[in-house]
Amino acid sequence: METLIQTLIQAGLLSDTQAQVVRYDRELHPEMSLGEILALRGWAVEETIDFFELLWEMRHTQPERKNIGQYLLEAHLIDEEQLEDILAAQKHDAWGRSLRFGEIAVLKGYVNQHTIHFFIEHLFPDQLHATNKTPFARTSLTSRPTKKPTPPRNTATSKETLPQKPPKQAPPKPSKKLLNRQAAKKTNPQLNPPKKPAFNPEEAFATSFDLMNAEDFDPKQL
């Protein structure tokens, strides 16, 4: 059972956490098969587990190869309707990039990319060695957002597009009321209050000195 679990993990059909749960379930229910436990958990169908347990080694060692779609169909990873849908998309070149069967299956969400890579690596290794890269390089490249070309810099254009400083605004004109008041002050001097004389410290000290030296000054009067 452990070999089968490792194969399912490598095929991207079982995670490490799910594998631990399956081992625990098998200890509690040794009478149940791995396919039954996974089916009850909703993680896989029993036919998929039977394929990897009974037919995978034989398909892996056979010299003649079928289409990858036939292997996915045999493993119950896709159904007949999904198979026809992928073949139709591949025939009509719906994406305009001449994608392969496995790439279209991943794009349509029928099979995950890890599982397709596992099948290609073990059943069609020549496709990997021919390109020396993952078969999904085109899919990953085309899914990336393309950068918009930056326009060439033009000094004349850039100066025109730069925000200009707002022109200086003239101070507001005085109202008629204020102008009439200013004219009245000029014509009638009584409206202008007399200005207070500025403070002179020398005169202040001189006055204090004269008081101190006065003959009739009596300090008791303070």
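# Close-up views of a predicted helical model

**View 1. Arg59 is buried, with a relative accessible area of 10%.** Buried means under 20% relative accessible area, exposed over 50%, and partly exposed in between (1.4 Å probe, protein chains only). This is a predicted model: local features need pLDDT of at least 70, side-chain atom pairs count only at pLDDT 80 or more, and totals for chains, interfaces and linings use all residues. Residues are numbered from 1 along each chain as its sequence is written, and side-chain values use heavy atoms, with hydrogens and water left out. Arg59 forms a salt bridge with Glu74, their closest N and O atoms 2.5 Å apart. A salt bridge is a side-chain nitrogen of Lys or Arg within 4 Å of a carboxyl oxygen of Asp or Glu. The pair links distant parts of the chain, with Arg59 in helix H4 and Glu74 in helix H5, 15 residues apart. Helices (H or I, at least four residues) and strands (E, at least two) are DSSP runs, numbered from the N terminus. Glu74 is partly exposed, at 22% relative accessibility.

View 2. Arg23 pairs with Glu2, the closest N and O atoms being 2.7 Å apart. Asp25 pairs with Arg41 at 2.9 Å between the closest N and O atoms. Asp25 is buried, at 10% relative accessible area, whereas Arg41 is partly exposed at 42%.

**View 3. The buried residues of H2 are Ala19, Val22 and Asp25.** Seen down the axis of H2, they fall within an arc of 125 degrees, so they line one face of the helix. The arc is that of the directions from the helix axis to the C-beta atoms. H1 and H3 are among the elements that cover them. The face turned away carries the exposed residues Asp16, Thr17, Gln20 and Glu27.

**View 4. The largest nonpolar core has 39 residues.** Such a core is a set of buried Ala, Val, Leu, Ile, Met, Phe, Trp, Tyr and Cys residues joined through side-chain atoms within 4.5 Å. Its largest share, five residues, comes from H8. Leu72 is among the residues with the most contacts inside this core. Leaving aside neighbours within four places in sequence, Leu72 is in contact (heavy atoms within 4.5 Å) with residues including Phe101, Ile116 and Phe119.

**View 5. Thr115 lies in helix H8.** Thr115 is buried, with a relative accessible area of 0%.
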